[in-house]
Amino acid sequence: MPEPEGEPAGSPPPAPHQRPPHRGGGLLDAPAVRRWSALALAALGRAREDIDAINVYPVADGDTGTNLYLTMESAAQAVEAVFAAHETGATRPALSDAVRAMAHGALIGARGNSGTILAQLLRGMAQVLTTPGDEAHAAHADGPLLARALRRAADSAYGAVAHPVEGTVLTVATAAADGADAAGAADCAAVARAAHDAALAALGETPRHLAVLARAGVVDAGGRGFVTVLHTLLEALTGEAPARPGPRPPGDLVGPCAAAPADHTPGEGPAYEVIYLLDAEDAAVDRLRGRLDALGDSLVVVGGDGLWNVHVHVDDAGAAVEAGIEAGRPHRVRITHFGAQTATRPDAAQPPRERAPRAVVAVVPGEGLAELYAQGGATTVHARAGEPPASGELAEAIRRAHAHEVVLLPNDPELRHTAAAAAEQARGDGIRVALIPTRSAVQGIAALAVHEGGRRFDEDVVAMTSAAGATRHGAISVAERQSWTTAGICQAGDVLGLVDGDVAVIGTDLTDTARTVLDRMLSAGGEMVTLVLDDEVPEQVADLLERHVRTRHLAVDTVVYRGGRQGSPMLIGVE
């Protein structure tokens, strides 16, 4: 996988939560789809809490932003998998490969009402961009084809919802398609800009269609999420970020709005949300729609070609699952009670074992560090180089810790949105989760060292946060190519010394570079140095660095750990 220009030269390939480079052009091709999926994931991560806060329709359960993020996370991972599969070959993914993967990833990972509709919007676009015999099978799509894709997206989303309501994401998507049609441009960027601007305007009008939004003084949460996705499509095509989506700050009053016939009172309606993937034929799905429509509301069925994602709100969750069994093979069944916001599976008959009072879950880059964290009582998630854990993996680790209260240590600034989404999922299961934004494994070590399960949760979190914040973090890496850095131009093979995430030193020898980094980090003071060495670093390097600290920085202790194959030759912490 090609590395992005402008990133630290020793950094891993771009992951779904990172921003791939823009290489120009207003045409939609496979690399542009890759940029789009990564940018959309990052933008939804930033907007997640704001969108959650304005979620009042169809159920005021405050999870629209989280569901959109989780859906796009699955879509972005599918796109990255396509590019990874082509790494060793002579060909690059085609546009059809990328958009098909994005749509399929969203389909299998769709969460909630909003995520399910987003999956259908992406599927509608893919249907146009991958039509056999169409010009989409060339290297790129032009403006008219993108406009047709946006129209198909809006139409297919309306068709997937049993009872479409205006003032929702459906209205915003239709406005985007109208704007794209009116643009009449050959350039994809111009079409995307027109679609984005029209959707943004329609978003501001959603309270005039939906009374519950007008009373709450907010715009539609799902619509805002889709504007965010269009915003990043434009950015992927042009390399320029337009004005941030949302005509008003989240939660601000939208002003006087005309009352609309549609209405909804939070707390009313069916008690359960039921979601599952379904393997079934088209005819069976048509019958299923009628059966589920009679059982509840908010029915959305998306997909095709034998694989479907079913979403419905009902009072009888068992009947909704039975209807799926009659239609085909339901799997990945998830049932959420709106009152308790706890997720279960219909076959859960075993009484749960007693939970521990508190646990720590940490992301670690190597086996040696995993063992070290486990000795401190933490549940660990292994982060492989270039393959960061998804939010579902982190949420599963939180559940696996089986505690009433969990402290989550992501140990990577790029995982902040992923970790926040995982924490939100776990809170839906009734687990109290505190996320400490540790930026390195050495900060996590410092936090774990002061963890005390016997004190109050808030006090423990404050103490761990303070310990992590008081630890400066550094690393030694090796440049993989020539690149600009904050310390100047480096060449492939140069040794890079990073301090707090920025390249501070460019050297040729690992030990000498590490000495320089230590001196810089200790220039502001420090009481303890933590060195975490990759297994390939000779033991004598640790001895030389310990001796350097002892002779140059009096009263500073040094502790050395072996991190296994951790991706970087050395991690450094100064407390």
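1. The model is a predicted one, in which local features need pLDDT of at least 70 and side-chain atom pairs count only at pLDDT 80 or more, while totals for chains, interfaces and linings use all residues. Residues are numbered from 1 along each chain as its sequence is written, and side-chain values use heavy atoms, with hydrogens and water left out.

2. Strands E8 (residues 356-364) and E10 (residues 403-409) run parallel and are joined by 6 bridges, with Ala 356 having Ala 403 of E10 as its bridge partner.

3. A second open sheet has 6 strands in the order E16-E15-E12-E19-E17-E18, and its pairing is mixed. Strands E16 (502-507) and E18 (557-564) stand at the edges with a single partner strand each, so one side of each is left without a neighbour in the sheet. The parallel pairing of E17 (residues 528-534) with E18 extends over 7 bridges, and Leu 531 has Val 560 in E18 as its bridge partner. Helix H18 (residues 539-552) packs on the sheet and touches E17, E18 and E19 (570-574), its direction making about 160 degrees with that of E18.

4. Strand E4 (residues 296-304) has 7 of its 9 residues buried, so it is largely enclosed by the rest of the structure; buried means under 20% relative accessible area, exposed over 50%, and partly exposed in between (1.4 Å probe, protein chains only). E4 pairs with E5 (residues 307-314) in the antiparallel sense over 7 bridges, and Asp 297 stands opposite His 313 in E5. The two strands form a hairpin with 2 residues between them, and Asp 305 in the turn has a positive phi of about 55 degrees.

5. The axes of helices H6 (residues 169-183) and H9 (residues 221-238) come within 7 Å and cross at roughly 30 degrees. The residues making the contact are Val 169, Val 172, Ala 173 and Ala 176 of H6, together with Gly 222, Gly 223, Phe 226, Val 227 and Leu 230 of H9.

6. Helix H3 (residues 95-109) has 15 residues and reaches 21 Å from its first C-alpha to its last, close to the 21 Å expected at 1.5 Å a residue, the expected span being 1.5 Å times one less than the number of residues. H3 is mostly covered, with 11 of its 15 residues buried, including Leu 95, Met 102 and Leu 107.

7. For the chain as a whole, the secondary structure comes to 18 helices and 19 strands, and 55% of the 575 residues count as buried.

Methods. Pairing = 2+ DSSP bridges. Helix = DSSP H or I, 4+ residues; strand = E, 2+ residues; numbered from the N terminus. Contact = heavy atoms within 4.5 Å. Axes fitted to C-alpha atoms, helices over the stretch in contact; angles between N-to-C directions.
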